[in-house]
Amino acid sequence: MNLLHLKHAIEVAKSGSLGKASEKLLIAVPNISRSIKELESDLGITIFDRTTKGMELTHEGEEFINFAKGILGQIDEVEKFYKNGSAKKLKFTISVPRACYISSAFAEFSKTLTCEPCEIFYKETNSERTIHNMINHDYKLGIIRYAENYDKYFKAMLEEKGFKYELVTEFTYSLILSRDNPLADKENISFDDLANFIEIAHADPYVPSMPIAKVVKEELPDNINRRIFIFERASQFDILSKNPETFMWISPAPQSLLDRYNLIQKKCWDNKKIYKDVLIYKDGYKLTELDKRFIEKLTEAKNLYL
């Protein structure tokens, strides 16, 4: 694969047209067009849809551009290292579920970083994207979360893809809601009590080898008529603290966080489902010193909060 072709494709994706890419790269439009066609022919995919508005990435094209950026980024790192004599940077990469105890562990881990050059990548997402990040984006560690009744599906998938896995913890979800929520003083909360409130939820449940519709029905049952779906963790606490009609299911949270947002944490005795958080990494991967430091802080946070 010609590296120049990759650069041409990335610039066309960025600018949205052959003409603009030509001006940026100082290369004639026919030459750039030829590069794209050769790439598509070599890979057997369509990278761009040619429209009257310009060049639009296909779904396959988006995946390819992500790969191409990664390849060129690694080449740039190699060139900088050998040409400029750059000091070798320590690197730590992890993809995790949205969980208070994990983010707390990461914050404590960040305190252990020395003066040595380092690059740290921390990504909060669902289990499917964590697997994707580790296979396609060079993330070394991952933590996936799933309900205990899906255990066989996840273990089969992990073994098929060559992952080692270790249980971090098991838990049942707690309710988190504003101190001003009408249910705040109720001693025993049931599923029926929640029916008229707004659930804050993450809109990306996933179980391998199962239809998404079935997973959504089990993880997001239809007894709740109002839901707000979010994809990042920070905004959920603002919503919960400012809107007393909202609630959310979470793994247990530290008291300091609850106090910061004027929230309380309660158990729902109808909710018996057990969830697992599982640490994963590729079979044959040797844990680095940074990996071990994070795992130590993760264990401390789990013991403190769960």
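## Close-up views of a predicted model

View 1. Leu194 touches Leu175, Leu183, Ile189, Ile224, Phe247 and Trp249, leaving aside residues up to four places away in sequence. Leu194 belongs to the largest nonpolar core, which has 29 residues. Ile144, Leu194, Phe247 and Ile280 have the most contacts inside this core. At least two core residues come from each of H6, S5, helix H7 (151-160), S6, strand S7 (174-178), strand S10 (246-250) and S12. A second core is separate and has 18 residues, including Val96, Phe109, Leu279 and Phe294. In soluble globular proteins, nonpolar side chains tend to be buried together.

**View 2. The five-stranded open sheet****.** The strand order is S4-S3-S5-S12-S6, with mixed pairing. Strand S4 (118-124) and strand S6 (163-171) are the edges, and each pairs on one side only. On average, neighbouring strands of this sheet are turned by 15° against each other, direction ignored.

**View 3. Pairing of S5 with S12****.** Strand S5 (residues 141-147) runs antiparallel to strand S12 (residues 275-282). Six bridges join the two strands. At one of these positions, Gly142 has Ile280 in S12 as its bridge partner. Ile280 is also among the residues with the most contacts inside the largest nonpolar core.

**View 4. Helices H6 and H12 on the sheet****.** Helix H6 (residues 127-136) packs on the sheet and touches strand S3 (90-96), S4, S5, S6 and S12. The direction of H6 makes about 155° with that of S5. Helix H12 (residues 289-305) also packs on the sheet, in contact with S3, S4, S5, S6 and S12. The direction of H12 makes about 40° with that of S3.

**View 5. The Phe106 and Phe109 ring pair****.** The model holds 13 aromatic pairs. In this one, the ring centres of Phe106 and Phe109 are 5.9 Å apart and the planes meet at 35°, so the pair is tilted. Phe106 and Phe109 lie about one helical turn apart because they are three residues apart in helix H5 (residues 100-110). Phe106 and Phe109 are both buried.

**View 6. Lys282 over Phe163****.** The charged end of Lys282 sits over the ring of Phe163. It lies 4.6 Å from the ring centre. Lys282 falls in strand S12 (residues 275-282), and Phe163 in edge strand S6 (163-171).

Methods:
Residues numbered from 1 in each chain as written. Predicted model: local features only at pLDDT ≥ 70, side-chain atom pairs only at ≥ 80, totals over all residues. Heavy atoms only, no water. Pairing = 2+ DSSP bridges. Helix = DSSP H or I, 4+ residues; strand = E, 2+ residues; numbered from the N terminus. Axes fitted to C-alpha atoms, helices over the stretch in contact; angles between N-to-C directions. Contact = heavy atoms within 4.5 Å. Core = buried A, V, L, I, M, F, W, Y, C linked by side-chain atoms within 4.5 Å. Buried < 20%, exposed > 50% of the residue type's maximum accessible area, 1.4 Å probe, protein only. Phe/Tyr/Trp six-rings, centres within 6.5 Å; stacked < 30°, edge-to-face > 60°. Lys NZ or Arg CZ within 6 Å of the ring centre and 35° of its normal.
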